[in-house]
Amino acid sequence: MGEGERQRAGGRGSMLLCCVVEHDRGSVGEVGLELLSTGHRVASELGVTHEAIVIGPGAGDAVERFGAYGVDRAHIVEHAQLDSYAPDAYADSVAQLIAAHGPVAVLASGTEKGNEVLAHVAARTGLPMAANCTEVTPGDAGGDDAWTLTRMRWGGSLLEDARLEASTKLLTLAPHAFEPAQAAEAGDVEVAAFEPQLDEATSYTRVVAHEPSGGGVSLASAPVVVSGGRGVGSADGFDMLEQLAGLLGGAVGCSRVATNNGWRSHSDQVGQTGTKIAPQLYIACGISGATQHWVGCKDAKNILAINTDPEAPLVTRGNYAVVGNLHEILPAIVDEVRRRKTTA
Amino acid sequence: MNVLVCIKRVPAPGARINLTDDEQHIDTRHLGFTMSPHDECAVEEAVRMVTEHGGSSTVLSLGPPEADEQVRQAISMGVDHGVLLEIDDIDWEPQATASAITEAITTLTSEGTTFDLVLFGNESPDAGNYQVGIRVAYALGLPIVSGIKGIEFVDGGGVRVRRQVDDGFELYELTLPAAVAVKEGLNLPRYPAIKGRMRAKKASVRTFTPDAGPGGLRKLRLRQPREQKTETTVLGHGPEAATAVADLLEELGVM
Ligand SMILES: Cc1cc2nc3c(=O)[nH]c(=O)nc-3n(C[C@H](O)[C@H](O)[C@H](O)COP(=O)(O)OP(=O)(O)OC[C@H]3O[C@@H](n4cnc5c(N)ncnc54)[C@H](O)[C@@H]3O)c2cc1C
Ligand SMILES: Nc1ncnc2c1ncn2[C@@H]1O[C@H](COP(=O)(O)O)[C@@H](O)[C@H]1O
């Protein structure tokens, strides 16, 4: 969309706000409900209608619960080109909806695909975009007023207060930064079918195949993660962590130092550029607790740090600590757990 | 096979990110700098591709004059050519960044270097805009997929790329020329050898001074997130603490 078109769209009155809701064949997760709740709140503050954009197979099923989240209208976007995830075809659809309706804002979830699709929309429309917002304070519904917002930097270790100025504001919401609250009164959702104009099959990049994962306890969902850093000292040093994780039905994690040294594969890495986890218990062995590691494990319900340094950040920020050499401490823990398991 | 990689210079903070008094920047007086980890994997991949298929690799960074250090870091890893888009700030907002990078690539292309593949990191660690690569690719008319942890060439001149999702991997196919935004885990970047570091020292880095284009996202200030203070319970010192740890595991119901 060119500059002229955008101004026309923005000038149409901008009486609506849209949320692009992710779903898996009709099922909407927690993060999608957080988005709708915030969309409803912001739309109410602005006095505009709250509309959802739902793309791909199952979109119709997804909207069933939307009334409870204050959605006035849902745009169901279906097309043969949208049958499997295709970031550019998804974005073309959203850009066409923007051109047709001139919303004051389009919100999406700050998930990997939410950020990706909205960035494609931003590229197509020439509009600015703010990723991973944690607070949103809208301006007037006029269309050209700036909004103030807060967004995550450094994976959440740092916040940025920013101004977003655009005829249509594009922003994504950081997962779990907003409450998934239902609207006070559940209303009816008007369902509108939207058929985008999309090019021939060959022009869109899409998912062509899916490989299921190997099974086993995944790092992201394990109830206990036993993690090691520089202090573990070698690939072999992780044997003891494997044993403890095995006894507790958990997974093994690591810091970037362990990955960079080739001791562990990157799929085990916890942190900003690794996996973010929220287990019941995180046992960090020989990890100092740099911010980029901390943002990956801070959501654990409990953190137990094992470290020679009582002042290490992960020790002082964790709930529990054992001070000392992990190579002496871990074998003793493994023995004790084994003993209790066999006598139990 | 000509590959271009876009990299960003970022500080490497430790346990806490301190800010300057005006709250506009990170206080980097006591910090080292590096390139973004995702970008570093992109550099490694470019070097491997050119080693295997021939052609040349180019690295490009927009940043302060000091970003020359990261451009040379990439050259020391084996990249052939370096381009620095020098600005008088730490960075620019994402639209202005993307416009300047697009323009520089267009200039390089008009001089005869066409790129089969343009690589980006998935997101910059400091700004986390999640968009510069996508904006540049769109402006250049290249298809792009983000979040990629595997790239392989397929017959007929395309690439098949892998993206990790909750329950496995998704595969996409792109025809070249194309762009890809990659994530750490794509490969294990090499540590530059002495020879590479010598070459990087002597290499000539081409410099452009772009004009800042418009953009609608303006930083007002940076601030620390609120953090709940936790009391740390020290369960003990050394192996004797094993009993207390096992008690805790039972208490938490994870044993
Ligand atoms: C942009 C960017 C992104 C990053 N992303 C990540 C990320 O996703 N994940 C990540 O982990 N890091 C990441 N890092 C790296 C991060 O900054 C740190 O360098 C890294 O987390 C440090 O790893 P570590 O704690 O294992 O090592 P160190 O910081 O060296 O700490 C080692 C710890 O082990 C303790 N120790 C040593 N020996 C023993 C022993 N025998 N017994 C007990 N304790 C011992 C020491 O007291 C120390 O506390 C990133 C960095 C940057 C710049
Ligand atoms: N200043 C820059 N110079 C070169 N490349 C950049 C710059 N900023 C961002 N990029 C590229 O765009 C990717 C995504 O950045 P961002 O949109 O800021 O999250 C990065 O991983 C880089 O590959």
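Predicted model: local features only at pLDDT ≥ 70, side-chain atom pairs only at ≥ 80, totals over all residues.
The corresponding distance is 2.5 Å for the side chain of A:Arg230 and 2.7 Å for that of A:Ser288. A polar contact is a pair of N or O atoms within 3.5 Å; within protein, one atom must be able to donate a hydrogen and the other to accept it, and residues adjacent in sequence count only if both atoms are side-chain atoms. Ligand 1 is placed between chains A and B. Around it are 29 residues (a heavy atom within 4 Å), of which A:Arg230, A:Ser255, A:Ser288, A:Gln292 and A:Asn307 come nearest.

Residues are numbered from 1 along each chain as its sequence is written, while chains are lettered from A and ligands numbered from 1 in the order in which they are written. Local features need pLDDT of at least 70 and side-chain atom pairs count only at pLDDT 80 or more, whereas totals for chains, interfaces and linings use all residues; side-chain values use heavy atoms, with hydrogens and water left out.

The contact between the chains (heavy atoms within 4.5 Å) involves 84 residues from chain A and 79 residues from chain B. About 6900 Å² is buried between chain A and chain B, 56% of it on carbon and sulfur atoms; buried area is the accessible area (1.4 Å probe) that two parts lose on being put together, summed over both. A:Glu112, A:Trp154 and A:Arg340 supply 10% of the area that chain A buries against chain B, more than any other three residues.

Across this interface, 48 residue pairs are in polar contact, both residues being at pLDDT 80 or more. The count of salt bridges between chain A and chain B is 13, a salt bridge being a side-chain nitrogen of Lys or Arg within 4 Å of a carboxyl oxygen of Asp or Glu. In one of them, the side chains of A:Arg317 and B:Glu227 meet at 2.7 Å, N to O. Helix α5 (residues 112–125) of chain A gives the most to the side of chain A that touches chain B, with nine residues; helices are DSSP runs of H or I with at least four residues, strands are runs of E with at least two, and both are numbered from the N terminus.

Strand β10 (residues 207–212) of chain A and strand β9 (residues 168–175) of chain B run antiparallel and are joined by five bridges; pairing requires at least two DSSP bridges. Within this pairing, A:Pro212 stands opposite B:Gly168.
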